[in-house]
Amino acid sequence: MSSLLTEGTAQPFHSPSSILLVDDEQEILPEYQEFFELAGFRTLTCADPVQAVAMVLEMPDIAVVITDLRMAHLDGVSIIKNVRNALPEGRHVDFMILTGDANSQLSDDMADIPVFLKPADTDALVAAIRDVLVG
């Protein structure tokens with residue numbers, strides 16, 4: 001792993017659900033994907049935030065979306081709002097934010113979303129994903 005990720009000791013976890021990592025910095029996506037897959041998560045990545053919204057709506061096995069905040073075309077908060085507004089009744093998706101912006105502040109309606117700063121504490125990120133998947 002490069003310096004983007006801290007060394008983690010997470011044990012593999014197996015879930016039928018997928019996670020979607022959205023970040024317009026394409027060069028970091030394969031690294032995070034490899035780490036999440038080694039931790040046992042089925043992982044999809046997307047560098048286009050608009051396409052990411054469509055992916056979540058079209059793929060019912062996506063249970064967790066981890067998104068950057070600052071991206072071209074559509075920011076992370078807009079992804080979350082668009083998905084929440086378009087999800088069919090009865091379907092739930094959890095969200096997490098992975099950002100390099102230490103000054104990020106979320107509105108009150110997003111206060112329940114965990115925020116992780118890059119480089120991520122991968123053990124904490126994996127634990128948060130497991131918590132929402134196990135429920």
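How many of the five residues of strand 1 are buried? Some notes on that and on what surrounds the strand follow.

1. Ground rules. This is a predicted model, where local features need pLDDT of at least 70 and side-chain atom pairs count only at pLDDT 80 or more, while totals for chains, interfaces and linings use all residues. Numbering runs from 1 along each chain as its sequence is written, and side-chain values use heavy atoms, with hydrogens and water left out.

2. Strand 1. Five of the five residues are buried, so the strand is largely enclosed by the rest of the structure. (Buried means under 20% relative accessible area, exposed over 50%, partly exposed in between, with a 1.4 Å probe and protein chains only; helices, H or I of at least four residues, and strands, E of at least two, are DSSP runs numbered from the N terminus.) Ser-18, Leu-20 and Val-22 point one way, Ile-19 and Leu-21 the other.

3. Leu-21 sits opposite Thr-45 in strand 2, and Ile-19 opposite Val-64 in strand 3.

4. Helix 1. Look at residues 29-38: Leu-29, Glu-31, Tyr-32, Phe-35 and Phe-36 are buried. Down the helix axis these buried residues fall within an arc of 165 degrees, so they line one face of the helix (the arc is taken from the directions from the axis to the C-beta atoms). Their cover includes strand 1 (18-22), strand 2 (42-46), strand 3 (62-67), strand 4 (94-99) and helix 4 (122-134), with contact meaning heavy atoms within 4.5 Å. Just after the helix, Gly-40 has a positive phi of about 100 degrees.

5. Lys-118. A salt bridge here is a side-chain nitrogen of Lys or Arg within 4 Å of a carboxyl oxygen of Asp or Glu, and the count comes to five. Lys-118 bridges to Asp-23, with the closest N and O atoms 2.6 Å apart; the two are 95 residues apart in the chain, and both are buried. Lys-118 also meets Glu-25 at 3.6 Å, N to O. Asp-23, Glu-25, Asp-68 and Lys-118 are linked in a network of salt bridges.

6. One more pair. Arg-84 bridges to Asp-112 at 3.6 Å. Arg-84 is partly exposed at 34% relative accessible area, and Asp-112 counts as exposed at 57%.

Technical notes. Pairing = 2+ DSSP bridges.
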